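Q: Could we go through this model together? I should like to begin with the terms and then turn to particular residues.

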Amino acid sequence: MKRSGWMARGRRIGLTSAGILVAATGAALAHGADGGVAVAVEGAPSWSLSPVYHILVAHFPVGLWMTAYLFILIRSFSDSKFAVRVQNAIWPVAALGTLAGFVTYGLGLTIYPWSAITESPLGRNHIMLATWTLSYWTVMSVLGYRFRRHLFVGAQRWITFTLATIGAIVITITGTLGGSLTGTPSLVTKSLSWIGWNVYMTFYLPTWMLAVYVAGALLLIAIGVVGWKRRV
């Protein structure tokens with residue numbers, strides 16, 4: 001009974017948060033009806049929202065995903081009652097972050113014309129990282145909810161921790177690239193040059209990163225195959 005009560009309360013909180021997010025987005029769009037920025041590309045006029053609305057809403061998914069990561073961090077290193085209770089909140093928070101992420105992504109696509117933003121290495125990098133971040137945490141939310149009872153059992157907790165850490169890093173890089181687009185680069189932006197990634201000049205990522213992603217993909221496939229065989 002107590003468990004069902006917590007679940008019902010969680011659903012109410014989730015629906016309320018989603019409603020507030022949608023209402024805030026609608027208010028921003030309505031307020032921006034006369035605040036659009038007129039642009040012209042190749043002689044054809046178009047219309048876009050002010051970047052301020054994308055920047056405003058972007059704090060929702062960042063805050064929610066990083067909160068989910070904090071909960072994963074606590075649960076990965078602790079088996080206390082508090083940590084176990086926190087575990088129940090991980091996936092609802094991550095799912096709300098994913099919902100907010102789709103809204104943020106949609107608003108971001110209204111700021112600059114596609115033909116203009118893709119001519120900039122920084123613009124392409126930000127769009128690419130935003131796409132990865134949204135896709136990554138969407139998958140994390142779905143799989144996390146589906147297998148939530150097994151993610152912190154034995155050695156599996158360290159795999160969960162590692163995947164969540166990757167997600168947190170991608171969020172951080174995406175956010176700092178967005179800040180660079182608005183003329184406010186952070187230390188993270190500058191530190192990326194230490195690994196050979198000049199976000200202002202390099203399209204996408206350094207070539208050596210492709211090998212890292214391929215290796216990571218193969219590792220994840222191998223982990224999945226091993227886990228499937230053990231279940232069989």
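A: A polar contact here is a pair of N or O atoms within 3.5 Å; within protein, one must be able to donate a hydrogen and the other to accept it, and residues adjacent in sequence count only if both atoms are side-chain atoms. This is a predicted model, in which local features need pLDDT of at least 70, side-chain atom pairs count only at pLDDT 80 or more, and totals for chains, interfaces and linings use all residues. Residues are numbered from 1 along each chain as its sequence is written, and side-chain values use heavy atoms, with hydrogens and water left out.

Q: With which side chain does the side chain of Thr-133 make a polar contact?
A: The partner is the side chain of Thr-174, at 2.9 Å. Thr-133 itself belongs to helix H5, residues 121–146; helices (H or I, at least four residues) and strands (E, at least two) are DSSP runs, numbered from the N terminus.

Q: Is Thr-133 buried or exposed?
A: Thr-133 counts as buried because its relative accessibility is 4%. Buried means under 20% relative accessible area, exposed over 50%, and partly exposed in between (1.4 Å probe, protein chains only).

Q: What else is Thr-133 in contact with?
A: Leaving aside neighbours within four places in sequence, Thr-133 is in contact with Trp-65, Val-170, Ile-171 and Thr-174. Contact means heavy atoms within 4.5 Å.

Q: Changing topic, how many salt bridges does the structure hold?
A: There are two, a salt bridge being a side-chain nitrogen of Lys or Arg within 4 Å of a carboxyl oxygen of Asp or Glu. One joins the side chains of Asp-79 and Arg-75 at 2.8 Å, N to O. Asp-79 also forms a salt bridge with Arg-157, with the closest N and O atoms 2.7 Å apart.

Q: Where in the chain do Asp-79 and Arg-157 lie?
A: Asp-79 is in the loop between helix H2 (51–76) and H3, while Arg-157 is in helix H6 (residues 156–181); the pair links distant parts of the chain, 78 residues apart. Salt bridges that share partners join Arg-75, Asp-79 and Arg-157 into one network.

Q: Which of these residues are buried, and which exposed?
A: Asp-79 is exposed, with a relative accessible area of 53%. Arg-75 counts as buried at 8% relative accessibility, and Arg-157 is buried at 12%.

Q: And what forms the nonpolar patch on the surface?
A: Leu-187, Trp-194, Ile-195, Trp-208 and Val-212 form it, with about 610 Å² of accessible area together. Patches are made of residues with over 30% relative accessible area and no salt bridge: like charges are joined within 9 Å, nonpolar side chains (Val, Leu, Ile, Met, Phe, Trp, Tyr) within 5 Å. Accessible areas come from the Shrake-Rupley method with a 1.4 Å probe; for residues, only the protein chains shown count as cover.

Q: Finally, which elements have the lowest and highest mean pLDDT?
A: Strand S1 (residues 37–41) has the lowest, 43, and helix H3 (residues 81–108) the highest, 91; pLDDT is the predictor's confidence in each residue, from 0 to 100. Over residues 27–45 the pLDDT is below 50. Where pLDDT is low, the predicted coordinates should not be read in detail.
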